[in-house]
Amino acid sequence: MITDQDHRTPAPAQQRERMLDRVEAQLRSLLNDEYRRHSGHARAAVLVESLAELVAAGGERVRPVVLFTGYLAAGGDPDDQPAVDAAAALELLDTATLLRSDVHDRVAVRRGMPALHVARAAEHERGGWGGDARRYGAYTATLAGDLALACADRLAAGLTGTARTHWDELRADRCVGMYAREAMTAAYLDDPWPGRCVSGCDSGCRAGWYALRAPLLMGAALAGRDDLTSVYEAYADALHAAWRLRGFLDGGPEYAWDADLLREALLDGDERDVAERMIRELVGRAGRTAGEARLPGAWRGELVAFGTRVASL
């Protein structure tokens, strides 16, 4: 039977979708204001416009989704603005990282359109401008990344207490984690098999699971539920390992040709079955952690279902 209370209280997915709509509006408003500030200088405005186009192209908004899941599950008020600001800041932080990674990895297409450094290099060539077009494109993308960080920090300025600590740590962890990954790859020591994720990531890998751990903890902090820290960490730990294993098995974007070779060399039918079983066990562990947490029943179920979706089970 559906009660009046059921009508008054939106389902978890509906609450989250409404907050995601507000994130989209916040991002548009912020970047539109930034564009207007520089609209008197056509060249300067192009940089803001390029960033706005990339942000508007969207993607899955994974980090806002995770933050709102942790926030609403912890009893956060869906009408509060700080959680929306924090989610938009996470999206801009991820955009800054994408811009730098696209230049480094020579990515040609991002979110269904030419990567920013490619588009600006093409503009340079069409205009017959002086200097090197590739360097111009790369530098423009780097500056757009800096602009994204500036906008993210503006949104995060109101964060206080533990939420602010998580934001500051994440900002640093992203840089350190990207360097650690690059250094391991350059030294030919990077093993694509995510065994460390399964056994427990060390401190040098912390930035590698920013998409789950940090947003969940920020959500709990914004909801005033720092008591959920250990629960969310355990949930994120298991789910991150499952996600990394799935990426290795299915050839996700972070796994290059060396992972393909390792899969062919190590994984016959039996080994793949073992890996699939490990994924199910990890997702089950995450689900048990969520199921035993002091959270509303609907949100415990949502965390369990979310883990299944992340690991593509």
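Helices and strands are taken here as DSSP runs numbered from the N terminus, a strand having at least two residues. In these terms, Arg 111 lies in the loop between strand E1, residues 109-110, and strand E2, residues 113-114. The model is a predicted one, and the secondary structure of its chain amounts to 14 helices and two strands.

The average pLDDT is 86, and 83% of the residues score at least 70, whereas over residues 1-7 the pLDDT stays under 50. For residues 1-7 the model has two contacts beyond four places in sequence. Where pLDDT is low, the predicted coordinates should not be read in detail.

Of the 313 residues of the chain, 45% count as buried, and the accessible surface comes to about 15900 Å², with 53% of that area belonging to carbon and sulfur atoms. Among contacts in the chain with a separation of 6 or more, 71% are accounted for by residues 24 or more positions apart.

In soluble globular proteins, nonpolar side chains tend to be buried together. The largest nonpolar core of this model holds 77 residues, of which Leu 67, Phe 68, Trp 167 and Tyr 232 touch the most other members. When residues up to four places away in sequence are not counted, Tyr 232 touches Thr 69, Gly 70, Ala 73 and Ala 74, together with Leu 216, Leu 217, Ala 220, Leu 295 and Leu 303.

Helix H7, which covers residues 133-156, has 24 residues and reaches 35 Å from its first C-alpha to its last, a span close to the 34 Å expected at 1.5 Å a residue. At the start of H7, a side-chain oxygen of Asp 132 comes to within 3.0 Å of the backbone nitrogen of Arg 134.

Two arginines in loops have a positive phi. For Arg 61, a residue other than glycine, phi is near 50°, and this residue is found in the loop between helix H3, residues 42-57, and helix H4, residues 62-73. Arg 111, in the loop between E1 and E2, has a positive phi of about 55° although it is not a glycine. As to burial, Arg 61 has a relative accessible area of 6% and is therefore classed as buried, the cut-off for that class being under 20%.

Conventions
Residues are numbered from 1 along each chain as its sequence is written. This is a predicted model: local features need pLDDT of at least 70, side-chain atom pairs count only at pLDDT 80 or more; totals for chains, interfaces and linings use all residues. Side-chain values use heavy atoms; hydrogens and water are left out. Helices (H or I, at least four residues) and strands (E, at least two) are DSSP runs, numbered from the N terminus. The expected span of a helix is 1.5 Å times one less than its number of residues. A polar contact is a pair of N or O atoms within 3.5 Å; within protein, one must be able to donate a hydrogen and the other to accept it, and residues adjacent in sequence count only if both atoms are side-chain atoms. Buried means under 20% relative accessible area, exposed over 50%, partly exposed in between (1.4 Å probe, protein chains only). Contact means heavy atoms within 4.5 Å. Accessible areas come from the Shrake-Rupley method with a 1.4 Å probe; for residues, only the protein chains shown count as cover. pLDDT is the predictor's confidence in each residue, from 0 to 100. A nonpolar core is a set of buried Ala, Val, Leu, Ile, Met, Phe, Trp, Tyr and Cys residues joined through side-chain atoms within 4.5 Å.
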